[in-house]
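Colleague: I am new to this one. Could you show me how to read it, feature by feature?

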Amino acid sequence: MIDPFINGLTNAFLLVIMLFGLFGMIVPIFPGGFVIWLATLLYGLLNGSLEGWGLVLFFVITALMIAGIIVDDVLMAAAARKAGASWWSLFYSFVGGVVGTFMLPPFGGILGAPLLLYVSEYLRGRSREKAWKITSSLLIGWGWSFVARFGLGVLMIGVWFAWVYVTPS
């Protein structure tokens, strides 16, 4: 039997990690959903509750994490593609986001991705207005992507709460 004080302290620590993951989603390349998922995995391993309902709820959390990864890419790319972005420009934007994050952490990706998209679209022979329209569409998609990922992160934490406090031990 785990000491209730230690168990409560462990759960509080894991919740802090999950909240770090949740609010870390502000930085586009930060894997906040994965951080939340890892904390729930750690909970399951520490408490030996990766069986029965615990396993079912862990699979639900896993599905929510995967959905967050997919929705992130789809919403950003779809918004920019709808405005006329080329696949190459989106690739350059992705590279700019990754490189920017490592060169100027944590916000370099926020600058690098739209900047490279704008430059790429401008160099494709489009006007500044068209390049800006495509770039602003990416940023709007980014905003919706954040809202969706944040919502999924809140759901992941909610399912974890159900796992901890509602399911039978």
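Modeller: Start with one cut-off. A residue is buried when its relative accessible area is under 20%, and exposed when that area is over 50%. Arginine 149 comes to 8%, so arginine 149 counts as buried. Keep in mind that this is a predicted model.

Colleague: How does the radius of gyration of the protein stand against that of a compact globule of 169 residues?

Modeller: The globule would have a radius near 15 Å, but the protein has 19 Å. Now look at the box. Along the principal axes, the C-alpha atoms fill roughly 70 × 30 × 20 Å.

Colleague: What share of the 169 residues is buried?

Modeller: Buried residues make up 40% of them. The protein exposes about 9700 Å². Carbon and sulfur atoms supply 78% of that area.

Colleague: And contacts? Among those between residues at least 6 apart in sequence, what percentage joins residues at least 24 apart?

Modeller: The figure is 69%. Take leucine 117 as a case. Leucine 117 lies in helix α5, residues 108-123. With a relative accessible area of 0%, leucine 117 is buried.

Colleague: Which residues is leucine 117 in contact with, leaving aside its neighbours within four places in sequence?

Modeller: They are Ala85, Ser89, Leu90, Ser93, Ile134, Thr135 and Leu138. Follow one of them, serine 93. Serine 93 lies in helix α4, residues 87-103. At 5% relative accessibility, serine 93 is buried. Not counting residues up to four places away in sequence, serine 93 touches Ala113, Pro114, Leu116, Leu117 and Leu138.

Colleague: How do I read distance along the chain against distance in space?

Modeller: Isoleucine 140 and alanine 79 are 61 residues apart in sequence. Their C-alpha atoms are 7.3 Å apart in space. For leucine 117 and alanine 83, the sequence gap is 34 residues and the C-alpha separation is 12 Å.

Colleague: Is isoleucine 140 buried or exposed?

Modeller: Isoleucine 140 is exposed, because its relative accessible area is 53% and the cut-off for exposed is over 50%. Its place is in helix α6.

Colleague: Let us turn to charges. What is the general idea?

Modeller: Side chains of opposite charge can pair when their charged atoms come close. A search of the whole structure finds two salt bridges. In one, the side chains of arginine 149 and aspartate 72 meet at 3.3 Å, N to O. This pair links distant parts of the chain, 77 residues apart. Arginine 149 is in helix α6, residues 128-165, and aspartate 72 is in helix α3, residues 53-82. Aspartate 72 has a relative accessible area of 11%, so aspartate 72 is buried. Arginine 149, at 8%, is buried as well.

Colleague: Which side chain meets that of glutamate 121 in a salt bridge?

Modeller: That of arginine 124, at 2.9 Å, N to O. Glutamate 121 is buried, with a relative accessible area of 0%. Arginine 124 is partly exposed, at 42%.

Colleague: How far apart are the mean positions of the positive and negative charges?

Modeller: They are 22 Å apart, for 8 positive and 6 negative charges.

Note on methods: Residues numbered from 1 in each chain as written. Predicted model: local features only at pLDDT ≥ 70, side-chain atom pairs only at ≥ 80, totals over all residues. Heavy atoms only, no water. Rg over C-alpha atoms; globule rule 2.2 N^0.38 Å. Buried < 20%, exposed > 50% of the residue type's maximum accessible area, 1.4 Å probe, protein only. Contact = heavy atoms within 4.5 Å. Areas by Shrake-Rupley, 256 points an atom, 1.4 Å probe, with all protein chains shown as cover. Lys, Arg positive; Asp, Glu negative; His and termini not counted. Charge placed at Lys NZ, Arg CZ, Asp CG, Glu CD. Salt bridge = Lys/Arg side-chain N within 4 Å of Asp/Glu carboxyl O. Helix = DSSP H or I, 4+ residues; strand = E, 2+ residues; numbered from the N terminus.
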